[in-house]
Amino acid sequence: MDIRLLKPSDIPLIQHANLENLPENYFLKYYLYHALSWPQLSYVAVDVSRPKKTPYDYPKIVGYVLAKMEEEPTDGVQHGHITSLSVMRTHRRLGIAEKLMRQSQLAMVETFGAHYVSLHVRVSNQAAIHLYRDTLGFKTEKTETKYYADGEDAYCMKLDLSSIREQVREAAAAENGEAEAKPEASADVDEGEAVGDVGRDPAKKKESERSGDKVKVKVGRGLGVGELVEKDESKH
Ligand code: ACO
């Protein structure tokens with residue numbers, strides 16, 4: 001199984017999976033809007049074990065998560081939103097939905113600095129509620145009555161992303177520490193002859209160069225004001 005970013009060319013397959021698995025369906029342009037506006041946040045699960053019969057074979061997409069950032073958050077807090085998630089019946093209970101969700105949550109933090117992620121779920125959807133509440137740690141904020149077109153209520157759920165933010169911060173700090181340590185570590189490494197010295201007879205090196213002493217060369221202010229003043233050569 002391969003979990004990878006959603007590509008615009010996957011959209012017809014995502015739409016097909018959505019129609020198979022959920023009563024909440026969307027126009028193709030809504031999927032495209034997600035893919036183009038927040039290309040880092042939506043993922044697909046591809047069954048790579050399926051043999052390709054022709055080069056034109058579609059990838060077998062067995063699950064997807066369609067996610068976005070809230071464009072005008074009412075609470076003023078930058079956060080993500082799960083628009084839709086589903087896994088084909090043939091591939092359920094293998095941990096695919098959990099992986100898709102975790103991947104998207106990480107991307108929300110890394111790319112957009114999201115503080116939390118929200119979603120709506122039908123109050124009767126036991127499988128999804130188990131995934132969100134028990135596996136991933138979402139909390140129910142409130143119940144929205146008659147949220148769905150058929151009159152069913154929705155739980156409005158939220159997951160605080162502080163722990164992921166902390167992990168991302170620690171990983172970045174560790175990476176910066178390594179980058180700062182590198183120049184010191186490489187200071188002793190012999191980088192070979194200076195490029196300008198390639199092919200030069202070592203016996204003809206100046207005394208100062210052979211002894212390794214540094215030679216002081218006067219530049220700029222070191223020359224003294226007098227030497228920097230333009231000379232009037234007309235008198236000579
Ligand atoms: N009943 C109870 N628990 C379940 C069920 C079930 N039918 N299915 C999965 N779980 C549990 C798993 O045991 C696991 O729990 P654990 O961590 O305690 O072991 C957890 O949920 C995660 O399981 P996954 O294998 O990652 O879930 P899966 O890949 O099977 O997908 C999903 C779950 C997406 C809910 C799937 O059943 C599905 O596609 N359902 C139809 C579409 C749907 O309801 N989508 C969510 C709508 S809400 C929205 O889109 C925002």
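The second largest pocket holds about 280 Å³ of space, a volume being the space filled by probe spheres set on grid points joined across faces, edges and corners. A pocket is an open set of points on a 1 Å grid over the protein atoms alone, where a 1.4 Å probe fits, with protein on both sides within 12 Å along at least five of seven lines; lining residues have an atom within 4 Å of a point. The model is predicted: local features need pLDDT of at least 70 and side-chain atom pairs pLDDT 80 or more, while totals for chains, interfaces and linings use all residues. Residues are numbered from 1 along each chain as its sequence is written, and side-chain values use heavy atoms, without hydrogens and water.

**Second largest pocket**
- Its lining comprises 16 residues, and those closest to the centre are His-79, Tyr-116, Ser-118, Cys-156 and Lys-158.
- At least two lining residues come from each of β4, β5, β6 (139-144) and β7 (154-160), with strands taken as DSSP E runs of at least two residues and helices as H or I runs of at least four, numbered from the N terminus.
- β5 gives the largest share of this lining, four residues.
- By class, this lining has seven charged, five polar and four nonpolar residues; Ala, Val, Leu, Ile, Met, Phe, Trp, Tyr, Cys and Pro count as nonpolar, Asp, Glu, Lys and Arg as charged, and the others, Gly among them, as polar.

**Largest pocket**
- The volume of the largest pocket is about 1,100 Å³.
- Its lining has 38 residues, of which Leu-85, Asn-125, Ala-128, Leu-131 and Tyr-132 are closest to the centre.
- α1 (11-21), β4, α3, β5 (116-122) and α4 each contribute at least two lining residues.
- The lining of the largest pocket divides into 18 nonpolar, 12 polar and eight charged residues.

**Ligand site**
- The ligand takes up the space of the largest pocket, where sitting in a pocket requires more than half of a molecule's atoms to lie within 2 Å of its grid points.
- Two or more residues of the shell around the ligand come from each of β4 (79-87), α3 (96-112) and α4 (126-135).
- α4 provides the largest share of that shell, six residues.
- The ligand is surrounded by 22 residues, each with a heavy atom within 4 Å of it; the closest are Leu-85, Val-87, Arg-93, Gly-95 and Asn-125.
- This shell contains 11 nonpolar, eight polar and three charged residues.

- An oxygen atom of the ligand lies 2.8 Å from a side-chain N or O atom of Thr-135.
- Ligand oxygen also lies 3.0 Å from a polar backbone atom of Glu-98 and 3.1 Å from one of Ala-97.

Methods
Polar contact = N/O pair within 3.5 Å; in protein donor to acceptor, adjacent residues only side chain to side chain.
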